[in-house]
Amino acid sequence: MILLVLIALPILGGAGAWIFGRNQLAARVIALVSLLADLVISICLWMQYGTGTLENGNWIITLDYPWMPDLGIGLAFALDGISMLLVVLTAFLGVISVLISWNEIHERVGFFHFNLLWILGGVTGVFLAMDLFLFYFFWEVMIIPMYFVIAIWGYENRVYAANKFFIFTQASGLLMLLAILGLFFVHGSATGNYTFRYFDLLGTPLSQETARWLMLGFFIAFTVKLPAFPFHPWLPDAHTQAPTAGSVILAGLMLKTGAYGLIRFVVPLFPGAALEFAPVAMTMGVIGIVYGALLAFGQTDLKRLVAYTSVSHLGFVLLGVFAWNELALQGSMVEMICHGLSTGALFIIVGILQHSIHTRDMEKMGGLWEQVPRMGAAAMFFAMASLGLPGLGNFVGEFLVLLGAFQVHVTLTAIATAGLVAATIYSLWIMQRVFHGERRGQWNVPDLTALQTAVMAVLIAALIWIGLFPSPVLDTARGAILEMQRSTGNARILEPPPQQQEPGREAIADGEEMK
Amino acid sequence: MNGVPPEHALMLACGLFLLGMIGLVVRRNIVFMLMSVEIMLNATGLAFVAAGAQWGQPDGQIMVMLILAMAATEVAVGLALVLLLNRKFKTLDVDSASTMRG
Amino acid sequence: MLDLLWLVPTLPLASYLVLAVGGKRLSRATVSWLGAGSVGLSACLALALGAGFLASPPPDHRFVQVLWIWMNTGGFNPAIALQLDELSLLMVLVVTFVGFLIHLYSVEFMADDEACSRFFAYMNLFVCSMLILVLADNLLLLYLGWEGVGLCSYLLIGFWYKDPENGRAARKAFIVTRIGDTAFAIGLFLLFVHLGTLTIRDILELAPAHWAQGSGMAVAAAALLLGGAIGKSGQLPLQVWLPDAMAGPTPVSALIHAATMVTAGVYLIARLHVLFSLAPAVQNAVAVIGALTLLLAGFSALTQRNIKRVLAYSTISQIGYMFLALGVGAYSAAMFHFFTHAFFKALLFLGAGAVIMALHHEHDMFKFGGMRKEMPLVYRTFLIGSASLAAVPFVTAGFYSKDLIIWESWSAPGGNPWLWGAALVGAFITSIYTFRMVFVTFFGEPHGHAAHGPGIRMTLPLVVLAFFSIVAGFLELPHTMGNVTFFSDFLHTVLPAAEAENGRGNELLFQVIAAAVSLSGILIAYLLYYRRPAVPERLSEIPVIGTLGRLWFIGWGFDWLYDRLLVRPYDWLARVNRRDVVDAVYGAIAYITLGFYLLFSRTQTGKLRQYAAGIALGAIITIAVVIFL
């Protein structure tokens, strides 16, 4: 029941914000209150169930109502460690995005918050849905309000960006729909039970050929969302043209739905085919890391630069997911969360800057540290997080991913590690161009307000906390990850590290994958 | 009774239909286009008559009555439209009325 | 007592936090007290801990304090844990003590700077990171300290951020060291995947058990870690960042780029020496790299005009000596040179800083001149430091440490005559460029007038460091001169002594040669730069020598090479692909679709006859299809 509440709160809150939208303050407050309630509930859930032992295996809460039994569609939701973390992140970033659009959005405020909250409701639904039809439903609920947010409240090239975003994600979503229907029919004809329920569809007997095609359908949809090279071009435009809150949610949450889909659906539903495809996927990830970083460095539009860094960071996530061992998956989870926080913060800073100086062109910027030291210091912090400085959360994620991936594919991991140098190049370039150097523009830029400083402080604290004490996050996700490893276990078995064997054994062969 | 073989009638109908169609496509004056449409309709009527004679059923001739009635209504509406067209475009050239294009 | 170990890095960290958040609101005096005082407190604490450690050493000569488990997943559970043994104690003492003196000096040096609190905040963060690096009990925590010092180095080199050149130098430093760090990280992965742990102690035990000598894994791991060490310590081929790092304030150069951060690579190799001895090829490479670097850097130092760049190249060169020692297996000799070098190099930098400040931030040595009369105390301490650097026999610490390395490069198991020759030539060059610096700066006619001499806060560190530049050497006297082995005995539980192969050579003879070499270098410098200052000018006009001189001036062209090979292509690639070639693919799809749209919309002509024709055609085709298929 509480799962429905988690989804209903943003949905109803959004509707409420629209209805009372004539009064701007009322709309904002309703939105904020509903998201805060969401946050409180999800944090309470986390603290209560997060790291303890659970009754239903690794599923913390499940919910299953029949909806359209003749079509095999049910109202099935479930929460496990992975979705728990992502739901908390959703509520958290939701609150933050409402707070930072407080002074930025002034037209049609009610409708804006309606769209914003429905995106969040859709995202929450995506993370919780356990019925494939329902999952697709929430997938669509997520995309359409985002289109409106970009197209109405965005910047100069917003319509192009919104269209591009919509076409990319919708087209790939349709491929996923085909795959869902395919799976539905194959399962039905094999077992006689026509159902969309995830738990029933696990372990469907599939021929290799069918499995490959179905997996590809899902895979393409999720990698377009992620976005993985070569499906990434929608991202820079969408991120750049979206209003700040839209960028934060896009980068912080929507991209993670792609990764979540990979972890939850692609590999467990089609383990053989997915893991056979893994080297290709990991290569895509590594190319994304390096290519994204290269492109980021070449931009003159500050927001576009930050957008490309998302491509780079999510390359790590893709690499981790398809390495498919505990270390790598844990790393992917941590990286997902920390990327959301750090890139979200960078978008906020860019948004604040753009609001003051009305440009994103880095060629016009320079020497701003003097005027806005607090903003500069915050930007420095998040730039360091972006490049993977140890002690901050992103390092934990990236290191675990690389460590896990090293066990599977040495060369790709080496290239990915070199990607960290590229990350350094663009992060330092941001600082140099915008905040250091000679002063170029003649603006009078105000430093961060109290509210903005508070938001930055919270994000900084979160990143340091995850960087030095990642245990709560790691422990929460562990159960779910181990369970998934076990269920797909026959497809890939990894030798445990030698410390558990007696010393004196002869050297282990190269750490290449063992089947 | 020996009369005209049905194939001949059908061929005549076919020929008339084709002539009407060609006339419809080729002529630019809308009145002549309407006349071509009439020829096509009558050709179908002839085909129906021939078929009715073939099978010895009255249905063919009933269809002709239907066609005659429909043709009359159609001409009434069509000529009214021709009048309006002429008033708007000052010509009976149907190619001049091509503002609804992409 | 030893339980207070965690306070040693935490005190500077606390000071950093206070200064970072509220530094602007505090008075200059408070900032200075916090900044310098926290490091001073750490130093006192370190001394007390050291005394306690020496008085009653813990079991196995190793004290570990686990603060908390950092990560725990998939069999990977590094802890935030500090270990204190003789090696880390040595490093901690040097870092805190020399660090404190430099902080004290900075109070006066940065007195006019308005961003004083930011400076001390970064300096304190640096000290904290360096202490974590040397106290880390596992390689992941060490990596944290490693990157932390890299970060602080970047922040401090680019401290005066308004000048884009400083920013460029700072970025160069960070990026080049990060390249080394990539190798380091891959080495960490390899170690974990094959040995199952990153705890240093366990690695040192498991590696010999699992890997045969010279096996591929050992070589790979050692080589990768060497890559990291090269980056951080500014050795070939990643030495290009150090000379440019002189863009930062002088105390930064003294602390980070002379005494501590750049020696992190030396510490790493010394700490993991077991791994290196499993891979003799790599260890040999360490020695060769050290030898090459010390020569190349020495020649470059000969031609520099900026006094700080001379010292920078000198640092690269001296660390080359430390690498050389590590490479031949003389680990404690390397640490001994690190120990003495910290004192005299910091002294030289601080002294140079005093001169620079007095002459209004002039850096060109040839615009100094005659400072001996203007700043007598600085002159005397600088002279002591230079003597130590040049290894003047008997009375300087540098003599004992450098001489030990020169001897070991011949006599140690990994040593050979080529290495010895390189070390000797390097010593010769060192004396020349060092005393070139002394004569040009402090003798001759003054070109500028010293504004005012340094105050007590700058002179006291100079005096203390000068004292140690003389006395520190007496901890380890060679066999031929009293055979004092305090230093190597102190370290012997951690770093085994190099087995000297007796009969390889007459130690006394070699020492005489070394002493003669260093003294003759001083003589040459005297002749060229004091007696006949016009000669170097005329020498550089000879075509061959002139070209050589220019080559050395630009650091043997490494910067040029990297610029052409790496920097410019990357830049170009990023710029050319700005609009993203992959986007063009999707743009092409959109373009083609638009083409189809334009094509098909031509069928909507609005002409009735064409529509009729279309209907007719369609009907005919459909019927034909139905009839014939």
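Predicted model: local features only at pLDDT ≥ 70, side-chain atom pairs only at ≥ 80, totals over all residues.

User: What makes A:Glu483 and A:Arg486 a salt bridge?

Analyst: The closest N and O atoms of A:Glu483 and A:Arg486 are 2.6 Å apart. The cut-off is 4 Å, from a side-chain nitrogen of Lys or Arg to a carboxyl oxygen of Asp or Glu. The pair therefore counts as a salt bridge. In general, side chains of opposite charge can pair when their charged atoms come close.

User: Why is A:Arg486 called exposed?

Analyst: A:Arg486 has a relative accessible area of 59%. A:Glu483 has 28%, so it counts as partly exposed.

User: What does the salt bridge of C:Asp85 and C:Arg271 tie together?

Analyst: The closest N and O atoms of C:Asp85 and C:Arg271 are 2.7 Å apart. C:Asp85 lies in the loop between strand E2 (79-84) and helix H3 (86-109) of chain C, while C:Arg271 lies in helix H11 (residues 264-271) of chain C, so the pair ties together parts that are 186 residues apart in sequence.

User: Are C:Asp85 and C:Arg271 buried or exposed?

Analyst: C:Asp85 has a relative accessible area of 3%. C:Arg271 has 4%. Buried means under 20%, so both labels read buried.

User: Which parts does the salt bridge of A:Asp301 and A:Arg360 tie together?

Analyst: The side chains of A:Asp301 and A:Arg360 meet at 3.0 Å, N to O. A:Asp301 is in the loop between helix H11 (271-298) and helix H12 (302-323) of chain A, and A:Arg360 is in the loop between helix H13 (326-357) and helix H14 (373-386) of chain A, so the pair ties together parts that are 59 residues apart in sequence. A:Asp301 counts as buried at 16% relative accessibility. A:Arg360 counts as buried at 8%.

User: How many salt bridges are there over all chains?

Analyst: The count comes to 30 salt bridges over all chains. One network links A:Lys164, A:Asp237, A:Arg304 and C:Asp583.

User: Why is the pair of A:Phe395 and C:Tyr143 called stacked?

Analyst: The structure holds 78 aromatic pairs over all chains. In the pair of A:Phe395 and C:Tyr143, the ring centres are 5.7 Å apart and the planes meet at 25°. Pairing needs centres within 6.5 Å, and stacking needs planes under 30 degrees apart, so this pair is stacked. A:Phe395 lies in helix H15 (residues 393-406) of chain A and C:Tyr143 in helix H5 (residues 139-157) of chain C, so the pair joins two chains. Both residues are buried, A:Phe395 at 5% and C:Tyr143 at 4%. They also belong to one aromatic cluster, which includes C:Trp70 and C:Trp146.

User: What makes the pair of C:Phe558 and C:Tyr562 tilted?

Analyst: The ring centres of C:Phe558 and C:Tyr562 are 6.0 Å apart, with planes at 55°. Stacked needs under 30 degrees and edge-to-face over 60, so this pair is tilted. Both residues lie in helix H25 (residues 558-576) of chain C, four residues apart. C:Phe558 is buried, at 16%.

User: How do you know that chain B and chain C are in contact?

Analyst: Contact means heavy atoms within 4.5 Å. On that rule, 14 residues of chain B are in contact with twelve residues of chain C. The two chains bury about 980 Å² between them, 63% of it on carbon and sulfur atoms.

User: Why is B:Val25 called partly exposed?

Analyst: B:Val25 has a relative accessible area of 24%. Buried means under 20% and exposed over 50%, so B:Val25 falls in between. B:Val25 is found in helix H1 of chain B. It touches C:Arg609, C:Ala612 and C:Ala613, not counting residues up to four places away in sequence.

Conventions:
Residues numbered from 1 in each chain as written. Chains lettered and ligands numbered in written order. Heavy atoms only, no water. Buried area = accessible area lost by both parts, 1.4 Å probe. Buried < 20%, exposed > 50% of the residue type's maximum accessible area, 1.4 Å probe, protein only.
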